[in-house]
Amino acid sequence: MNGVHDMGGMHGMGPVEIERNEPVFHSKWEARVFALTVAAAFLRRWNIDMGRHSRERMPPAEYLAATYYERWLFGLQKLLVEEGLVTAGELETAHAESKVDDARTLRAADVANYLRHRVRTRVEADVRPRFRPGDRVIARNTHPTGHTRLPRYARGRRGVIDRDHGVFIFPDTNAMSRNRKPQHLYTVRFAARELWGSDASARDSVYVNLWDDHLDPA
Amino acid sequence: MSDHHHHHHDDDPVREHDRPLSGPALRVKALESLLVEKGLVDPKTLDELIDTYETKVGPRNGARVVARAWIDPDYKKRLLADGGAVIAELGYVGRGEDIVVLVNTPKVRNIVVCTLCSCYPWPVLGLPPVWYKSAPYRSRAVIDPRGVLKELGNEVPDDVEVRVWDSTAELRYLVLPERPAGTEGWSEDELAAIVTRDSMIGVVQVTVPAGRK
């Protein structure tokens, strides 16, 4: 979707400000919403790409005004209701109308193991690559209304396959219909001038991770 | 950008008890109690998850990898060939474990961004800092990397190439910064101590602290 989350190349956002001695979480609620999101993902009612898309669906003005973990809170609440784990009424009142009986709840003793053995997005599947390193490609000029990993600034631009990373789940379809559609993931090199015009440095490049379905031969 | 606005006061350990929670703090508390009541999460699990990323998994992991690569050419060679697997030898595994290591040289500077959200190599750097997830960095790193680096005190000479890596997949990048001059003969521990998080994202270089020169 052409959302405000797709920020590459936008102007007017201000300076990059690095906080000295930054804590991992700035408040207790940030830590809790982080942990709630990871623990809820363990229930396997949604995949990581659905998780990302839930945050992108925050209304644009709210997205820009929100802090990072406010977006996580928005996305978690959305998925909990959409996937039927809680009702809108329960969210409103913060009281359970019923328990979820068959929930495979993540236990503290299993956290370390869970974090070590997360579901991987690399797939051991025999899928032929459409491109080889060195091939010239053009990123598709496409504007899907759902989730996509093809940033707007790269669409319609010409690049070169830098490397082939093997077969991965395709997030664009995995987020929308749980269709894993395994295919090759590449790093594609775009010259800075191809993306941003002649004011950009002739030496510089932007490398973008793109899948077979994002690319055509150039 | 409001990415920088944090509600420190909501969770001030002293004041939290005598003032009402506001905004997200209140909503998160309500959500947690609901999910516990539903049997979907266990509060002890949440504590364990938070402790993991506050005290166990963080940029000291990445610094260890960088220091080892600086003193052991064979390790560096293997690291560049198969980053994730070689990093896993130190026990740094988990979410985002397909890691590609990018080498800085006198002629090439690498910087990593996630323009769409916040993709980041958790096993070696932990959770990303606010500036990495902020609109200013996400918007500017791809179109004006030299301007961003200059603002951060890391101006890139014209004859040095800048490579920006937009991290949009479950494949994460770790920058191997250049080893600073004046560290010859240092131990792995001494070297690891000067490697910063931001140098492994690529926005600053590693320097020798004034006291060590």
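How many residues does the contact take from chain A and from chain B? The contact takes 71 residues from chain A and 73 residues from chain B, where two residues are in contact if their C-beta atoms, placed from the backbone, lie within 7 Å. This is a predicted model, in which local features need pLDDT of at least 70, side-chain atom pairs count only at pLDDT 80 or more, and totals for chains, interfaces and linings use all residues. Residues are numbered from 1 along each chain as its sequence is written, with chains lettered from A and ligands numbered from 1 in the order in which they are written.

**Side of chain A that touches chain B**
- Two or more residues each come from α1 (28-41), α3 (60-65), α4 (68-82), α6 (111-116), β2 (158-168) and β4 (205-211) of chain A.
- α1(A) gives the largest share, ten residues.
- This side divides into 39 nonpolar (Ala, Val, Leu, Ile, Met, Phe, Trp, Tyr, Cys and Pro), 17 charged (Asp, Glu, Lys and Arg) and 15 polar residues (the others, Gly among them).

**Strand pairing between the chains**
- β4(A) pairs with β3 (residues 161-166) of chain B in the parallel sense over four bridges; pairing requires that DSSP finds at least two bridges between two strands.
- A:Y207 has B:W165 in β3(B) as its bridge partner.

**Chain A as a whole**
- Chain A has eight helices and five strands, taken as DSSP runs numbered from the N terminus (helices H or I, at least four residues; strands E, at least two).
- Along the sequence, the pattern is α-α-α-α-α-α-β-β-α-β-α-β-β.
- The C-alpha atoms of chain A fill a box of roughly 60 × 45 × 35 Å along the principal axes.
- Of contacts in chain A between residues at least 6 apart in sequence, 65% join residues at least 24 apart.
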